[in-house]
Amino acid sequence: MKVLVPVKRVIDYNVKVRVKADGSGVDLTNVKMSMNPFDEIAVEEAIRLKEAGKAEEVIAVSIGVKQAQETLRTALAMGADRAILVVATDDVHEDIEPLAVAKILKGVIDEEQPGLVLTGKQAIDNDMNATGQMLAALTGWGQGTFASELDVDDDTATVTREVDGGLQTIKIKIPAIVTVDLRLNEPRYASLPNIMKAKKKPLDEKTPADYGVDTTPRLEIVGTTEPGARSAGIIVGSVDELVDKLKEVGAV
Amino acid sequence: MTVLLLAEVTDGALNTDATAKAMSAAKMLGDVVILCAGATAKDAADEAATLGASKVLLAEDDVLGHRLAESTADLIVSLAGDYDHIVAPATTGAKNVMPRVAALLDVMVISDASAVFDADTFERPIYAGNAIQTVKSSDAKKVITFRTSTFEPVKASESSAIESVAVPASSSLSEWVEDKVAVSDRPELTSAGVVVSGGRGVGSEDDFKLIEGLADKLGAAVGASRAAVDSGYAPNDWQVGQTGKVVAPDLYVAVGISGAIQHLAGMKDSKVIVAINKDEEAPIFQVADFGLVADLFDAVPELTEKL
Ligand SMILES: Cc1cc2nc3c(=O)[nH]c(=O)nc-3n(C[C@H](O)[C@H](O)[C@H](O)COP(=O)(O)OP(=O)(O)OC[C@H]3O[C@@H](n4cnc5c(N)ncnc54)[C@H](O)[C@@H]3O)c2cc1C
Ligand SMILES: Nc1ncnc2c1ncn2[C@@H]1O[C@H](COP(=O)(O)O)[C@@H](O)[C@H]1O
């Protein structure tokens, strides 16, 4: 079975986000970009499936700007076998919407016929938490979202999901879409030799048109603003003072 | 305009708080019809009928048990023709289902909306709440989840009529195996007036009892940072943050939590924030109304006693 892993290039999670003064968006010029943290976990899980003999090939795919090549090289260095880059824009500030991403991924699935697709639960830039579920709809496959445990056999995937009340375990028919949560595994670092090797692994370039997908956004971004800042608080000197203050403001 | 609101029904029971909060957002868009779906959902529908909907739809079938995404999405799509907006509170249950519904209808989903401007225009936090985006949808139908922490629950009103609806046959793509749900007498995290959260600084599952003791003294829900959950000090459903629960209680007490942006994303709209941390440089102090630089193993027992 092939495993397909969509990986998104996003602002590094350690970078402090700055909203552009003209309200047109978040400033991504000369900002450190990395693989979406959830997608690292998805890549790791796919590689582990291969190592366990449950998957034959791991294919990483990214949709966005040309620079997402770097993100794919990271996936290849971690252990993915090959990569597909779908260049959908040349503007680093343009985010391709989950619906369009899902349609492109559906096109990739039609060509590659994977048994399993592992996406991240959520991209840390747009915080949509949607692409995997949308892809499951478009393929008509079952979905196991927010996975913190995954067990795969010939025709089913058993997924333990992190939900509001605790944990839920379900079985889904393969082929299936699984979206991964933070506690599924700890992704490995790519070793230097593997980074070198990754440079020689195949990386195909495509466009949305190759899959017949129109990426025109459905949601017009009217504006982007900074969240309201909290007014500065105070440091109290003791527990007694804390209790007094809390009583003063009626918090206890 | 008519709005279909997917009620939060778990094991036959209505999560009234989450549903009532989504209801106040939904009412800004037009007349609201509430959908209660589950293997059993009659009790939930009775309760939902007090939330001011023009009617309540009741869909009961075994295939809808455990909120499996495939069957629930098929049900909603079968009803979608009558509605301009299909909405739900942004719970894990709805976040599982609603994007699937949106893609089946060939529309984008608007996740975690925090304000309604008009029928097409919504606000939503992005980048862990470090930016707020206003989006205007050009889709024929809008599929939206509402961030519950930013809406007040509607008050109970006169009872609306309940109508049963047909449930499409199961696609049998998925099957429920088990739930691991901790039962607790404490208030639920996303509806609690007070939340006490512990982080990696608490150091062990055993010592998390200190946090729970303070919470119980305050009648509070217990939360945790990702690091505390990852380390096994606290269960996953206590995680507060960008990828956990978003809370906005009257009082939030952060103990042994450094204040990473991903944590702040889940609690910085709380009314009063208290931070207890031994590192005076910890970023949590930048959002705290009252900061106490202290060892939590001294401060928490003392605070629990003096409250
Ligand atoms: C994609 C992604 C998503 C994430 N989502 C979330 C999320 O939803 N929620 C979340 O919380 N995090 C999330 N994180 C993790 C986040 O970045 C931080 O790593 C995490 O919040 C740190 O938890 P912490 O503050 O408990 O631990 P630390 O940062 O290690 O802080 C521990 C604090 O305890 C203090 N301390 C230690 N001992 C004592 C003592 N005896 N007395 C008093 N204070 C003491 C220390 O001074 C320190 O400030 C996410 C990260 C990523 C990459
Ligand atoms: N542009 C993209 N390229 C590749 N994968 C993506 C892209 N956008 C979203 N994904 C995948 O979908 C997941 C969820 O993203 P989102 O629905 O945007 O929160 C991510 O973690 C990725 O696995």
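Reader: How many salt bridges does the rule find across the interface of chain A and chain B?

Author: The rule finds 6 salt bridges across that interface. The model is a predicted one.

Reader: What makes the meeting of Lys306(B) and Asp240(A) a salt bridge?

Author: A side-chain nitrogen of Lys or Arg has to lie within 4 Å of a carboxyl oxygen of Asp or Glu. The side chains of Lys306(B) and Asp240(A) meet at 3.1 Å, N to O. That distance is within 4 Å, so the pair is called a salt bridge.

Reader: How many residue pairs are in polar contact between chain A and chain B?

Author: The count is 44 residue pairs, with both residues at pLDDT 80 or more.

Reader: Which element of chain A supplies the largest share of the side that touches chain B?

Author: That is β9(A), with 8 residues. The elements that each supply at least two residues include α3, α4 (131-139), β9 (166-173) and α6 (239-248) of chain A. By class, the side of chain A that touches chain B divides into 39 nonpolar, 18 polar and 18 charged residues.

Reader: How many residues does each chain bring to the contact, and what area is buried?

Author: Chain A brings 75 residues and chain B brings 79 residues. Between them the two chains bury about 6,500 Å², and 56% of it is on carbon and sulfur atoms. In chain A, the residues that lose the most area to chain B are Asp164(A), Arg218(A) and Arg230(A), together 12% of what that side buries.

Reader: Why is an area used for the interface?

Author: The size of an interface is often given as the accessible area lost when the parts come together.

Reader: Why is the site of ligand 1 called shared between chains?

Author: Residues from chains A and B surround ligand 1, so the site is shared. Among the elements that each supply at least two residues of the shell are α1 (37-51) of chain A and α8 (296-306) of chain B.

Reader: Which residues come nearest to ligand 1?

Author: Of the 30 residues around ligand 1, the nearest are Arg200(B), Ser225(B), Ser258(B), Gln262(B) and Asn277(B). By class, the shell divides into 12 nonpolar, 13 polar and 5 charged residues.

Reader: How much of ligand 2 does the protein cover?

Author: The protein covers 99% of the 480 Å² of accessible area that ligand 2 has on its own.

Reader: Which element gives the most to the shell around ligand 2?

Author: The most comes from β4(A), with 3 residues. In all, 19 residues surround ligand 2, and Asp39(A) and Ile63(A) are among the closest. By class, the shell has 9 nonpolar, 8 polar and 2 charged residues.

Technical notes. Residues numbered from 1 in each chain as written. Chains lettered and ligands numbered in written order. Predicted model: local features only at pLDDT ≥ 70, side-chain atom pairs only at ≥ 80, totals over all residues. Heavy atoms only, no water. Near = heavy atom within 4 Å. Areas by Shrake-Rupley, 256 points an atom, 1.4 Å probe, with all protein chains shown as cover. Helix = DSSP H or I, 4+ residues; strand = E, 2+ residues; numbered from the N terminus. Nonpolar A, V, L, I, M, F, W, Y, C, P; charged D, E, K, R; others polar. Contact = heavy atoms within 4.5 Å. Buried area = accessible area lost by both parts, 1.4 Å probe. Polar contact = N/O pair within 3.5 Å; in protein donor to acceptor, adjacent residues only side chain to side chain.
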